[in-house]
Amino acid sequence: MKLNNIKILAISILSIFALASCSDDNNMPPMASIDFSGSYMQKDQMGRPAVNTVFVNSDMKDTFNVTIPSEQGANFAAMFETNLKALSPAYANDGDTNALGLDAATFASVLATDVLTVSLDGTTTFYDGTNVLTGRALADDVITVELLLIFGGEDFSENPTLSNDNVDANDKDFLSSFPYLASPW
């Protein structure tokens, strides 16, 4: 299957690198040497880390990964709800909610649309105690937040052994300027 959007994105990214390569000290290959022919296929969607991995049944991974986000909720919310209830005793009874006040069906529908929402006029964070799913800062402990929302119950106190990945910080300091991520080890 050809995905023209992926090609356009790749060309756009490479165009940015090509423009950045105008100085003599950059060893970027000339654009003419890059071959964009062939077919491209989207392989994975990860708007929210681990959500696809945990809640999409293995026989549906490829289908989920090529489903546009606006159709994911309708197509996958029931599967997400079934898997959420199977995983978490915090949703064992109808009407049980997580700390956001979302029952299993509502939370599953939020998770099934695998996009990262971003607040354009407020705090950008995965969860900071007040703001929820308004973006993602580099230092946000995304996996622990997801575990708390899945296993923590109404006040994050249920299932404490399942509600934390015990990775509380990055292993290297973030940079103060772009690209912000620490260099690989």
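Modeller: What follows starts with the chain as a whole, goes to the pocket, and then moves on to other parts of the chain.

This is a predicted model, and every value below is computed from it. The protein chain has six helices and zero strands. Read from the N terminus, its elements therefore run α-α-α-α-α-α, with each run of the chain that counts as an element being a helix. The chain has 185 residues, and buried residues make up 29% of them.

The largest pocket holds about 290 Å³ of space. It is lined by 14 residues, and those closest to its centre are L138, D140, D141, V142 and V167. Sorted by class, the lining has eight nonpolar residues, five charged residues and one polar residue.

One of the residues closest to the pocket centre, L138, also belongs to a surface feature. Together with F174, F178, Y180 and L181, L138 makes a nonpolar surface patch of about 530 Å². F174 has a relative accessibility of 31%, so it counts as partly exposed.

The structure holds one cavity of 30 Å³ or more. About 40 Å³ of space lies in this largest cavity. Its lining is made by R48, F107, L111, F126, L133, E146 and L149. Two helices, α5 (104-112) and α6, each contribute at least two residues to that lining. By class, five of the lining residues are nonpolar, two are charged and none is polar.

Side chains of opposite charge can pair when their charged atoms come close. In this structure there is one salt bridge, formed between the side chains of E81 and K85 at 3.2 Å, N to O. Both residues lie in helix α4 (residues 69-87), where they are four residues apart, or about one turn of the helix. E81 counts as partly exposed because its relative accessibility is 23%. K85 is likewise partly exposed, at 35% relative accessibility.

F55 sits in helix α2 (residues 51-55). Its relative accessibility is 1%, so F55 counts as buried. F55 and A77 are 22 residues apart in sequence, and their C-alpha atoms are 9.6 Å apart. V66 is part of helix α3 (residues 61-66). With a relative accessible area of 33%, V66 is partly exposed. V66 and M41 are 25 residues apart along the chain, with 8.4 Å between their C-alpha atoms.

To return to your request: the pocket holds about 290 Å³, its centre is closest to L138, D140, D141, V142 and V167, and L138 is also one of the residues of the nonpolar patch.

Note on methods
Residues are numbered from 1 along each chain as its sequence is written. This is a predicted model: local features need pLDDT of at least 70, side-chain atom pairs count only at pLDDT 80 or more; totals for chains, interfaces and linings use all residues. Side-chain values use heavy atoms; hydrogens and water are left out. On a 1 Å grid over the protein atoms alone, a cavity is a set of points where a 1.4 Å probe fits but cannot get out, and a pocket is an open set with protein on both sides within 12 Å along at least five of seven lines; lining residues have an atom within 4 Å of a point. Grid points are joined across faces, edges and corners, and a volume is the space filled by probe spheres set on the points. Ala, Val, Leu, Ile, Met, Phe, Trp, Tyr, Cys and Pro count as nonpolar, Asp, Glu, Lys and Arg as charged, and the others, Gly among them, as polar. Patches are made of residues with over 30% relative accessible area and no salt bridge: like charges are joined within 9 Å, nonpolar side chains (Val, Leu, Ile, Met, Phe, Trp, Tyr) within 5 Å. Accessible areas come from the Shrake-Rupley method with a 1.4 Å probe; for residues, only the protein chains shown count as cover. A salt bridge is a side-chain nitrogen of Lys or Arg within 4 Å of a carboxyl oxygen of Asp or Glu. Buried means under 20% relative accessible area, exposed over 50%, partly exposed in between (1.4 Å probe, protein chains only).
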